[in-house]
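Here's a quick walk through one model, with the numbers kept handy. Have the structure open while you read.

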Amino acid sequence: MGDFAFLICFILLFVFSVYLGFTVGNYWGERALSAGAYWLYNAIAVVVCVVLTAVLTLFPLLYATPLGLLMGAVVGLKMGFGESVGPWKVLDRFFDVNRRQRGAAGAAARAARRRKKTGEAAPDLISVSGDKASHRASAASNDTENKR
């Protein structure tokens, strides 16, 4: 009976560590401004996994935690970075999944990273001219006054 409880806890810790690794990787993937920074964050994730594995060798229940963190972080970094890089690019081209979406997402991610680097403002997606907005506001207030 104790082995079954150990297995359930082991699996739950592994799944939670994958989720936690994905969350952290996605956070840092969004902040990676270049492919070099992306690969640096991947290298940091591997080093953290190795150090955690060395530290947690005394606790058999936690053996899968560093591996789950690494797996989640690698996928989270890729998802947060938003662009195919390195071996991911080869796999994305080979499987040819969502070609147009990959191209659009990659272009948008590159533009966002370029704006972060240079410090320029994001483009305005919704623009309302001051004259039309004030005219509509005054027309709305006149309508409510006329109804009274």
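Predicted model: local features only at pLDDT ≥ 70, side-chain atom pairs only at ≥ 80, totals over all residues.

Residues are numbered from 1 along each chain as its sequence is written, and side-chain values use heavy atoms, with hydrogens and water left out.

| Residue | Relative accessibility | Class |
|---|---|---|
| C9 | 37% | C9 is partly exposed |
| C49 | 11% | C49 is buried |
| T65 | 16% | T65 is buried |

On cysteines: a disulfide here is a pair of cysteine sulfur atoms within 2.5 Å, and by that rule the count is zero.

Zooming out, the chain has six helices and zero strands, taken as DSSP runs (H or I, at least four residues, for helices; E, at least two, for strands) numbered from the N terminus. Of its 148 residues, 21% count as buried. The accessible surface is about 10700 Å², with 68% of that belonging to carbon and sulfur atoms; these areas come from the Shrake-Rupley method with a 1.4 Å probe, and for residues only the protein chains shown count as cover. Calling heavy atoms within 4.5 Å a contact, residues 24 or more positions apart account for 73% of the chain's contacts with a separation of 6 or more.

Now for α3. Buried residues in α3 include A64, P66, L70, L77 and F81. T65 sits in this helix too, and it touches L13 and S17, leaving out residues up to four places away in sequence. Just after α3, G82 takes a positive phi of about 75°.

Finally, the core. A nonpolar core is a set of buried Ala, Val, Leu, Ile, Met, Phe, Trp, Tyr and Cys residues joined through side-chain atoms within 4.5 Å. The largest one has six residues: A32, A37, Y38, L77, F81 and V85. Helices α2 (35-55) and α3 (64-81) are the elements that each give two or more residues to this core. Setting aside neighbours within four places in sequence, F81 contacts G29, E30, A32, S34, A35, Y38, A109 and R113.

Technical notes:
Buried < 20%, exposed > 50% of the residue type's maximum accessible area, 1.4 Å probe, protein only.
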